[in-house]
Amino acid sequence: MGLLSLGTPLPWEEAKNYADYIRHHGIKQFLWIYHKLKDKQNDCLLWGDEVEYMVIAFDEENKNAKLSLRLYEILNELQKEEEAALKNPNSDKMVKTSWKPEYGAYMLEGTPGVPYGGTLKELLQVESNMKYRRQLAAKYMKPNEVPITIASFPRLGCQGQFLEPHYEPKGEASRSLFVPDEIINPHARFPTLTANIRKRRGSKVAINMPIFHDIKTPKPFIDPTIPRNRNLFPEDKEAAEGMALPDHIYMDAMVFGMGCCCLQITFQACNIEEARRLYDQLANIGPIMLALSAAAPIYRGYLSDVDCRWNVIAGSVDDRTKEERGLEPLKNNRFVINKSRYDSIDCYISTDKTFKPEYNDLDLVYDKEICKNLMDNGIDELLARHVAHLFIRDPLVIFKESLEEQNDENVSDHFENIQSTNWQTMRFKPPPPNSNIGWRVEFRSMEIQITDFENAAFAVFIVLLTRAILSYGLNFYIPISKVDENMKMAHRRDAVLSEKFWFRKNVFEKNNIMYDDYVNVDNDNISIQQQNVHNNNNSLDNKSISIEDEYEQMSIDNIINGDGDKFPGLITLINHYLESINIDIESRCILGKYLEFVKKKAKGEIQTTAKWIREFVRSHPKYQQDSVVTQEINYDLMKTIEKIQKGEAETPELLGNFKYFRYILYIYIYNI
């Protein structure tokens, strides 16, 4: 959750006066890092996953599942184990987990204790490590508490009790009609971030997700649970004045977005060029994986007509003023900005030979003075524009102590202040100063899944895809505006089956022809059998095809599994990569099961988590076909999820026949 500094945070009224100071020194720090490490080579492949958990407390007597606000009690115990392991001389083997706080006081973030390396054997450790993390977290919870991996808590912000302990929504930081400030991580960064977003914006955030209209849902739907007449804070009137839209689920606080959970993967590349290439090539995989991992159909106790969390988070941290949103003429602000600071990327950054300037087809908003400064200091235009785009944003949390004189050669706090609050689908991460860490990229779009098997399958799939991209020089470029369109489509209900997404027709390096058939792989080199080549003359034409002819709309099934004709599918490419390297049969079988799961998910043979949750609610005997997810329905849903996580519930529609495979994997890894 970004940069966790210690110190005295400044309120917005003071912090805004230092925005230019932070930007100035942030750019100087980036330049020092770049020039010192731009030629760094041969870093080994390292990667890791981040799994976010909610701590659920069950009230069996009242059939209520609530969010437990014991973050730091649990986290302190987990970090004690981590610290004890680090003192061991064999710490590389002993440190199995690492734990961090998240925005919500009910959330934990768990990662492997040390990064995974580049061997395929290490991919076999992912699921077992995720299981161990869950077991370790549960060790420090009360008997009625469970670590649940769910993207959004269905009854967050509902009337009644949804927190343990209960608090009324009267907090000064968020001023929410629905949630108290006690739900926020008490670290000084988080309440300050919440309040400063509200103050900078000039109002509370306004998140509106379309209601799912069931048979008995009122039309229009006007939420009767919004306390429109409350008069505790000046912002209370906003809902009644139009912020709360008809036929929508209205939310008014940062926690509704940043309180969601996700699965993220970070890769260390061998050098800066490889990191930039991965950043670009994974950009359009983001929307595909968002739709495939969709897991968030419920907000504030209502079924929504979307399946994903992303737009909720985007709205929850949207600090743009009316001027920046284009609602008023620019007077006090510098730019009209078309997106929240939490959104899809706006530009490609690689100088790879497959990149064409036409792919960056958005009218990028960036600070031209910062861009010129960067280019004058040796940064190429693509990377300079990317950084200058990030730096159109103001720093939201400034600690007083950070304003003391620093040596910009040895720190990156001011750069990270702005970098870490640009929450995009991909993040390009320079090395920290004075460390042995290399250039990294972070893949950020996926929603968390219910079981460790599912999360491991998605993580392994993405890692193997990066290996195929780099081994075969795969080219996934499409215009960045089409990536934006894909992000919008990914949110739609059951998008994995009902929508088509823009994707590149020919993913191989030569971009002047379109191949009908298949690929043959010989070790790390790819050759293509050109059985049928299409152009206007029905013969090979060396002229480059137009940008518009390079891509088309495909189903996720076709993107993942191929169309049986012209497009091979991502899993086919991964399988060819696995066949080209030395891998034992047992390992190949296990990895194949993860790929088979992703394949079935893309085909619709296994439901998305969002669809499964939606159908659970709609088939519940107490559901009234009115879009309302009651306390009892939520309790039963959370109890069922707990059983699924423990392997105590049969859910073939969600997991297929892969439950049995999980036991085989456990036996294989631990030799029992």
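**Entry 1: the model.** Before anything else I noted that this is a predicted model, and I kept that in mind for each later entry.

**Entry 2: H11 and H17.** I began with how helices pack, since two packed helices are described by the angle between their axes and the distance between the axes. For helix H11, which spans residues 285-292, and H17, I found axes that come within 8 Å and cross at roughly 5°. An angle under 35 degrees counts as roughly parallel, and H11 and H17 are therefore roughly parallel to each other. On the H11 side I listed Pro-287, Leu-290 and Ala-291, which meet Val-483, Asn-486, Met-487 and Ala-490 of H17. Sorted by class, the residues of this contact between H11 and H17 are six nonpolar and one polar, with no charged residue among them.

**Entry 3: H20 and H21.** Next I turned to helix H20 (residues 570-579) and helix H21 (residues 585-603), whose axes are 11 Å apart and which pack at an angle of about 175°. Because of that angle, H20 is roughly antiparallel to H21. From H20 I wrote down Ile-571, Ile-574, Asn-575, Leu-578 and Glu-579, and their partners in H21 are Arg-588, Leu-591, Leu-595, Val-598 and Lys-599. The contact of H20 with H21 is made up of six nonpolar, one polar and three charged residues.

**Entry 4: H10 and H16.** A further pair I looked up was helix H10 (residues 272-283) with helix H16 (residues 452-472), where the axes come within 11 Å and cross at roughly 115°. The crossing in which H10 passes H16 is right-handed. H10 contributes Glu-274, Arg-277, Leu-278, Gln-281 and Leu-282 to the contact, while H16 contributes Thr-466, Arg-467, Ile-469 and Leu-470. In this contact of H10 with H16 I noted four nonpolar, two polar and three charged residues.

**Entry 5: the covering of H14.** I then asked myself how many of the ten residues of helix H14 are buried. Eight of the ten are, and H14 (residues 381-390) is in this sense mostly covered. The buried residues of H14 are Leu-382, Leu-383, Ala-384, His-386, Val-387, Ala-388, His-389 and Leu-390. What covers these buried residues of H14 includes helix H2 (19-37), H10, helix H13 (368-376) and helix H15 (413-419), together with strand E13 (423-424) and strand E14 (426-429).

**Entry 6: His-491.** Is His-491 buried or exposed? His-491 counts as buried, because its relative accessibility is 4% and the limit for a buried residue is under 20%. A polar atom of the His-491 side chain lies 2.7 Å from the backbone oxygen of Met-487, and a polar atom of that side chain also lies 3.1 Å from the backbone nitrogen of Asn-311. Leaving out residues up to four places away in sequence, I found that His-491 touches Leu-290, Val-306, Asp-307, Cys-308, Trp-310 and Asn-311.

**Entry 7: Ser-445.** This residue lies in the loop between strand E15 (440-443) and H16. Ser-445 counts as buried, because its relative accessibility is 0%. The side chain of Ser-445 has a polar atom 2.9 Å from the backbone oxygen of Gly-286. With residues up to four places away in sequence not counted, Ser-445 touches Gly-286, Met-289, Leu-290, Arg-309, Trp-310 and Thr-425.

**Entry 8: backbone details.** I looked up two cis peptide bonds, of which one joins Glu-164 and Pro-165 with omega about 0°, and the other runs from Lys-219 to Pro-220 with omega near -5°. Pro-165 is in the loop between strand E6 (163-164) and helix H7 (189-201), whereas Pro-220 lies in the loop between strand E7 (207-210) and helix H8 (239-243). I also noted Lys-63, which has a positive phi of about 50° although it is not a glycine, and which is found in the loop between strand E1 (46-59) and strand E2 (64-68). Lys-63 counts as partly exposed, at 39% relative accessibility. Asp-494, another residue other than glycine, has a positive phi near 60°, and I placed Asp-494 in the loop between H17 and H18.

Terms used
Residues are numbered from 1 along each chain as its sequence is written. This is a predicted model: local features need pLDDT of at least 70, side-chain atom pairs count only at pLDDT 80 or more; totals for chains, interfaces and linings use all residues. Side-chain values use heavy atoms; hydrogens and water are left out. Buried means under 20% relative accessible area, exposed over 50%, partly exposed in between (1.4 Å probe, protein chains only). A polar contact is a pair of N or O atoms within 3.5 Å; within protein, one must be able to donate a hydrogen and the other to accept it, and residues adjacent in sequence count only if both atoms are side-chain atoms. Contact means heavy atoms within 4.5 Å. Axes are lines fitted to C-alpha atoms, for helices over the stretch in contact, and angles run from 0 to 180 degrees between N-to-C directions. Helices (H or I, at least four residues) and strands (E, at least two) are DSSP runs, numbered from the N terminus. A crossing is left-handed if the near helix is turned anticlockwise from the far one by less than a right angle, and right-handed if clockwise. Ala, Val, Leu, Ile, Met, Phe, Trp, Tyr, Cys and Pro count as nonpolar, Asp, Glu, Lys and Arg as charged, and the others, Gly among them, as polar. Angles under 35 degrees count as roughly parallel, over 145 as roughly antiparallel, 65 to 115 as roughly perpendicular and the rest as oblique.
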